[in-house]
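Welcome! Here is a short briefing to read alongside the sequence and the 3D view.

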Amino acid sequence: MKFEDIKPEVYGIIFGIFSLALGYFLLELAISVFHSGAVQGYIKKLASGEADLLPIPVFMALVLFVAREILDSIKKRKAELRKIKAYKQLIAEELELNYGAYLSLEGIFSELEENKEEWDGGIYEAKFKEAGNLYVHVTHDDRLVMASPARKPSMVQHDKILVNVAELDINFYEKLQCGYLKVIELNHLYDSLIKGLKASDFDEPFPHTITKSGFLGYALNECERIYSELNDLYLFCTGRKLEKSRLR
């Protein structure tokens, strides 16, 4: 069954739920107003003859004021929902960028781990090329056996919209925080890869060959946990599994 076949029923259900919610809101508003101190005081004055019923123009003005407040509230909520939808789209696109970074790093870690014995004694290097992009080079027996790009994770959109999301939707904010903790960890793996490849340049206190430092096994284990959280956030934003990557 396609969505098009049941679209009228779905829209009808949504409208019914919205109508019930609006009716509940109006009822709660009416109860709150009735039990307010000003209204209760006015009722007592009416009962004792100290006050008269409100003139019709004043009563109509109050009704119009309440109606306008309700409409403004509805418009404001619709605007907030549009913003949330736009923010989810921005985050989904950045997650696709980070999925591409994840794939590049996980691929490098796997290839280095799988070939560490065959390439034993080789030269492992971090090469920065056009626009500062990182490439992992491995030279073995005077032959370049690996030249793979390593993409840096992005947090640009997260940093731009985090505060706004916190004000609009606490659930979205909490999922955003959890998901991007893993982006931070992914970025840590990226930085650690560079550090491991340049260990001899900075005289680091661990084996200067990246395949002998224990880093690759650690990185591969972390990659499994990282993808799970990225996928959960992407699923929340789009309703789909994270399987699409992008370059920019």
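Is Cys178 buried, partly exposed or exposed? Cys178 counts as partly exposed because its relative accessibility is 43%; buried means under 20% relative accessible area, exposed means over 50%, and partly exposed lies in between, with a 1.4 Å probe and protein chains only.

Please keep in mind that this is a predicted model, in which local features need pLDDT of at least 70, side-chain atom pairs count only at pLDDT 80 or more, and totals for chains, interfaces and linings use all residues. Residues are numbered from 1 along each chain as its sequence is written, and side-chain values use heavy atoms, with hydrogens and water left out.

**The sheet**

- Three strands make up an open sheet in the order S1-S2-S3, with antiparallel pairing. Strands here are DSSP runs of E with at least two residues, helices are runs of H or I with at least four residues, and both are numbered from the N terminus. Two strands pair if DSSP finds at least two bridges between them.
- S1 and S3 are the edge strands, each pairing on one side only.
- From one strand to the next, the twist averages 20 degrees. Axes are lines fitted to C-alpha atoms, for helices over the stretch in contact, and angles run from 0 to 180 degrees between N-to-C directions.
- Strand S2 (residues 134-140) is mostly covered, with 6 of its 7 residues buried.

**Strand partners**

- S2 pairs with strand S1 (residues 123-128) in the antiparallel sense over 6 bridges. Within this pairing, Glu125 has His137 of S2 as its bridge partner.
- S2 also runs antiparallel to strand S3 (residues 143-150), and 7 bridges join the two. Thr139 stands opposite Leu144 in S3, and the bridge partner of Tyr135 in S3 is Pro149.

**The turns**

- Most residues other than glycine have a negative phi.
- The hairpin of S1 and S2 has 5 residues between the strands, and Ala131 there takes a positive phi near 55 degrees.
- The hairpin of S2 and S3 has 2 residues between the strands. Asp141 is found in this loop, and its phi is positive, near 55 degrees. Asp141 counts as exposed because its relative accessibility is 66%.
- Asp142 lies in the loop between S2 and S3 and has a positive phi near 60 degrees. Asp142 is exposed, with a relative accessible area of 83%.

**The helices**

- Helix H4 (residues 156-168) and helix H5 (residues 170-197) have axes that come within 7 Å and cross at roughly 150 degrees.
- From H4, the contact uses His158, Leu162, Val165, Ala166 and Leu168. From H5, it uses Ile170, Phe172, Tyr173, Leu176, Gln177 and Tyr180. Contact means heavy atoms within 4.5 Å.
- These contact residues divide into 9 nonpolar, 2 polar and no charged. Ala, Val, Leu, Ile, Met, Phe, Trp, Tyr, Cys and Pro count as nonpolar, Asp, Glu, Lys and Arg as charged, and the others, Gly among them, as polar.
- Leu90 lies in helix H3 (residues 56-114) and is partly exposed, with a relative accessible area of 29%. Leu90 and His158 are 68 residues apart in sequence and 8.7 Å apart in space, C-alpha to C-alpha.

**The cysteines**

- Where does Cys237 stand on accessibility? Cys237 counts as buried, at 14% relative accessibility.
- The disulfide count comes to 0, where a disulfide is a pair of cysteine sulfur atoms within 2.5 Å.
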